[in-house]
Amino acid sequence: MERITGKKSFLLVNQDEHVPNIIHRTNGTITAVKGSTALMVSAYKDYRGQRAIRIIAVVNRHQTTPLYCVFCCTGEASQVTPATVLAHSVHYGYPYVAADILCFEHPGCNVTHVTVATPIENLDPLNLPFLSVQNREVEEVEEVEEFPFYLTVCMSSMFGDYNNVLQFVQTMEFYKLLGVPRVVLYLTSCGPDLEKVLQYYTEEGTLEVIDWPIDHFLKPATGWELEELEGDIHLNGQLTIMNECIYRNMYRSRYVLLADVEQLLVPVAHNSLRPLMEGLQGQHPDAAVFLMETHLFPATAGKAGLSAQSRALGVNLLDYVYREPLEEDDFRSHKMVVNPRKVLQTAIFEVTQSYGDTVRVPFDLCKIMQVTEAPRENWTKDQLVLDRSLWKFRDYLVPTVDEILQKLGFYKHLFEHLVL
């Protein structure tokens with residue numbers, strides 16, 4: 001992991017929304033760069049270090065094509081500079097990898113939109129799809145205390161017609177109970193029942209759904225190792241998603257939690273996340289990254305059967321109270337809470353470039369709970385560890401989740417289905 005020195009932080013202020021009439025703005029979340037293998041996702045002005053326009057992208061690490069940055073400047077004609085492509089070091093063997101494309105604007109440009117092109121396009125701005133440059137106007141300050149959100153959860157992509165309604169509702173309500181006002185989800189596909197749930201939370205204002213049609217451009221793998229799975233990019237482009245979500249929320253949120261859809265950050269010693277993070281930050285003032293241990297709760301270990309929520313579609317998190325033991329020499333997987341203003345690049349289990357320290361948080365303070373199929377079929381309850389950390393929240397979760405499921409009509413739907 002690379003630690004980069006730097007102390008500055010910035011606060012987002014009002015942005016000039018002027019849009020030049022001469023350019024074509026891309027409407028999609030992912031945009032192909034014609035004449036190359038690169039895909040553009042989003043563009044952000046980065047005031048740290050080299051002060052560049054940073055385009056979150058996907059590139060083929062085996063096929064390099066010279067790329068150029070084309071700027072649209074307020075009140076000026078477009079400018080062109082060579083692009084610097086930084087392919088991330090973590091790729092798990094797949095040919096396509098998360099990347100940053102750095103574009104260095106000319107002095108006085110005041111860029112509002114940017115795109116990437118190859119010489120085949122003749123760099124004609126009228127024929128290029130432009131990205132709006134986000135985070136353009138910021139005020140440099142020594143310390144930022146107030147943000148629109150204290151902590152934002154960035155979920156990795158949802159794909160494969162995912163339809164685990166109960167677990168997703170429990171997760172959303174649990175985070176709301178912990179004081180999380182915003183969850184960001186990157187959606188490739190989901191089942192019809194979960195689509196209704198996503199719409200509910202989007203209208204409520206607690207969920208931001210980002211369209212993620214990576215399967216329209218590449219063949220995404222649904223797992224980890226290239227030797228075991230065919231595909232162009234690891235796990236539906238999760239590495240790109242995590243980096244994009246950090247920059248998207250850099251000036252909107254004090255902290256960002258990077259976790260998968262099926263994972264839950266459970267505090268053990270606190271009832272909400274603010275005192276947890278304030279305590280950790282107070283003990284480690286130079287920290288930019290807090291690693292939370294992931295603990296597996298095997299689905300084959302039996303269920304507690306706590307509520308009538310088992311009638312709903314999906315996993316009931318409250319049913320799983322046995323976790324796998326971790327020996328001293330065992331590999332420990334982590335998910336992260338980060339200060340987004342101090343992160344340059346991240347991988348899945350650790351931040352690879354940052355301006356601050358990394359802290360491993362003791363699992364008796366908080367943990368990542370993940371319900372999963374046991375990797376070994378011979379787990380018994382005697383071999384597992386009884387862990388009811390989530391149960392102290394059940395008096396709130398059970399009636400709240402039941403109410404939402406009933407409001408969305410799932411109990412009636414399931415009853416009718418069973419009758420048929």
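R274 lies over the face of Y150, 3.9 Å from the ring centre; a charge counts as over a ring if NZ of Lys or CZ of Arg is within 6 Å of the ring centre and within 35 degrees of the ring normal. This is a predicted model, so local features need pLDDT of at least 70 and side-chain atom pairs count only at pLDDT 80 or more, while totals for chains, interfaces and linings use all residues. Residues are numbered from 1 along each chain as its sequence is written, and side-chain values use heavy atoms, with hydrogens and water left out.

**Around R274**
- R274 also meets E278 in a salt bridge at 3.7 Å, N to O (a side-chain nitrogen of Lys or Arg within 4 Å of a carboxyl oxygen of Asp or Glu).
- R274 and E278 sit four residues apart in helix 4 (residues 273-283), so about one helical turn separates them (helices are DSSP runs of H or I, at least four residues; strands are runs of E, at least two; both numbered from the N terminus).
- R274 is partly exposed at 43% relative accessibility (buried is under 20% relative accessible area, exposed over 50%, partly exposed in between, with a 1.4 Å probe and protein chains only).

**Other salt bridges**
- The structure holds 15 salt bridges.
- K335 and D260 pair up at 3.0 Å, N to O, and both are buried.

**Aromatics**
- F168 and Y201 are edge-to-face, at 6.5 Å centre to centre and 65° between planes (Phe, Tyr and Trp rings, the six-membered one for Trp, pair with centres within 6.5 Å; planes under 30 degrees apart are stacked, over 60 edge-to-face, the rest tilted).
- F168, Y200 and Y201 form one aromatic cluster.
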